[in-house]
Amino acid sequence: MAFPKNFLWGGATAANQCEGAFLDDGKGLSVPDMLLGGDVNTPRTFCPTIEKNRFYPSHQAIDMYHHYKEDIALFAEMGFKCFRFSINWARIFPNGDDADPNEAGLKFYDNLIDECKKYGIEPLVTLCHYEIPFAIVKKYHGFYNRKTIDLFIKYVTTCFERWKDKVKYWLTFNEINMTLMSKQVGNLYGVGIIQDEDLNRSEPCKFDELKDVPQERIQALHNEFVASAKAVIEGHKINPEFKIGCMLCHVTRYPLTPNPKDMLETQRIDHLFNDLCADVQVRGAYPFFAKKMYQDMNIDTAFMDDEEDKKILRAGTVDFYTFSFYMTNCVTVDENAERINDSMIGGVKNPYLKSSDWGWQIDPDGLRWTLNKLASRYPNTPIMVVENGFGAFDKVEDDGAIHDDYRISYFREHIRAMRDAVNDGVPLIGYTTWGPIDLVSAGTGQYAKRYGFIYVNRHDDGTGDFSRSRKNSFFWYKKVISSNGENLE
Ligand code: BG6
């Protein structure tokens, strides 16, 4: 057995990390526009105002807004069957609560979608990849306010209506579980709740200095579940053929030792970070362990008992499960174990695995394991890997070539692992690599953390002319796609 005949090979991006043009054609500010860059040892900083002398990487990103034709042509040259991108909510509703959508913003996505269709590339649209309008954050306190659910539904139904005959695959929220996994980042990116004291700061502050109010964060996450379920319900009314999925950041964890205490702690973390959100979205209800787990975190769980919300969650289950997979890590109760240098995901080092320069542990077997786990946890649910990739420093040779063999070998092993999982019987329908083109890193705001098959001449000091060029991996992935995953050499 090999990959299914219509397997969706492609790549994935996010508006805020690619488009740039941060105020063009009536776009409003969105949360990522308020972030400055960092690096592996320095968390990004949040700046509540736009200051002329500071560098906000998303403002120009890789200028895909003006290069989309060239970029999609390059994707088509690689043979993409699918392109995952997000719509920037603040391009459509610049203030979040505008009476009417911004026609110029809609037009940009008309063009982008038509360009994909021209090459027979299936669009896979993420409705919210952290791009909550900043006005919603300031005025309504993000998803903590139930009014934001209505604003979201107005935005997504505008998209569903506009592209009901052109887009079949949709995802509601990117990595919805980041809100549980990474407090401050979840606040800011995920649910868009920032406290007044942070909004009024005169100097930028680090992610980990942002104030976290767990009760608000978890309540806001609940509101996102309701928003996602309502989006599924409304989407299916507009076009019953729509396939609307959830999207999780799945970080598989192994117990560091056979100590039963490590085993139990691993299960607890797995339940909290990997299973809770997906169970709500795929099965339509909070899992049995959720209430106790939240109560142990001193959360008032009254929102879980709301009968109307329960009905919505039950009715709005997703059509497919998608996830990002970059790494695995270990769990132990031993406080002295060596931890991974990553402020967002954390975890303990696995002595059997190598890491990227950003400390992300490389584990293709972990992908096979994860796919098998998901297929048994969510039977009859198609699965798609919508992010997987290798962030690395690339070197441009004198002749312009980029020999990114490390990236090829990362992908080769992960695709092999997916093939094994398909042979195991996992209903995998597609694979979109993260960053088929270099883009701004979400975690660090760097350009230097490159993921692409396509190099973009743009750098962390703000230099570069945005020109594109093909890396070695470009030609390799093209072969992979044309052989439907058979030729990995
Ligand atoms: C996922 C996000 O967490 O990981 C992407 O959905 C992000 O937005 C990707 O870019 C890789 O992370 P980073 O920090 O290397 O950009």
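## Pockets, a cavity and helix packing

The largest cavity here has a volume of about 60 Å³. This is a predicted model, so local features need pLDDT of at least 70 and side-chain atom pairs count only at pLDDT 80 or more, while totals for chains, interfaces and linings use all residues. Residues are numbered from 1 along each chain as its sequence is written, and side-chain values use heavy atoms, with hydrogens and water left out.

On a 1 Å grid over the protein atoms alone, a cavity is a set of points where a 1.4 Å probe fits but cannot get out, whereas a pocket is an open set with protein on both sides within 12 Å along at least five of seven lines; a lining residue has an atom within 4 Å of a point. Grid points are joined across faces, edges and corners, and a volume is the space filled by probe spheres set on them. By this rule there are 7 cavities of 30 Å³ or more.

Who lines the largest cavity? Look for Tyr-326, Ser-356, Trp-360, Ile-362, Gly-389, Phe-390, Gly-391, Tyr-410, Lys-449 and Tyr-451. By class, that lining has 6 nonpolar, 3 polar and 1 charged residues, where Ala, Val, Leu, Ile, Met, Phe, Trp, Tyr, Cys and Pro count as nonpolar, Asp, Glu, Lys and Arg as charged, and the others, Gly among them, as polar.

Now for the open spaces. The largest pocket holds about 550 Å³, and 36 residues line this pocket, with Asp-342, Met-344, Trp-360, Gly-443 and Lys-449 closest to its centre. Trp-360 and Lys-449 also turn up in the lining of the largest cavity.

Of its 23 lining residues, Met-181, Ser-182, Lys-183, Phe-273 and Met-344 sit closest to the centre. Three helices, α7 (178-181), α8 (183-191) and α11 (260-283), each supply at least two lining residues, and α11 gives the most, with 4. (Helices are DSSP runs of H or I, at least four residues, and strands are runs of E, at least two, numbered from the N terminus.) The lining splits into 11 nonpolar, 5 polar and 7 charged residues.

From α11 we can move on to its neighbour α10. The axes of these two come within 10 Å and cross at roughly 30°; axes are lines fitted to C-alpha atoms, for helices over the stretch in contact, and angles run from 0 to 180 degrees between N-to-C directions. That makes α10 roughly parallel to α11, since angles under 35 degrees count as roughly parallel, over 145 as roughly antiparallel, 65 to 115 as roughly perpendicular and the rest as oblique. In this pair, Leu-221, Phe-225 and Ser-228 of α10 meet Leu-276, Cys-277, Val-280 and Gln-281 of α11, contact meaning heavy atoms within 4.5 Å.

Helix α10 (residues 214-238) also packs on α13 (residues 307-315), at about 50° with the axes 8 Å apart. That makes α10 oblique to α13. On the α10 side the contact uses His-222, Phe-225, Val-226, Ala-229, Lys-230 and Ile-233, which meet Asp-309, Ile-312, Leu-313 and Ala-315 in α13. By class, this contact has 7 nonpolar, 1 polar and 2 charged residues.
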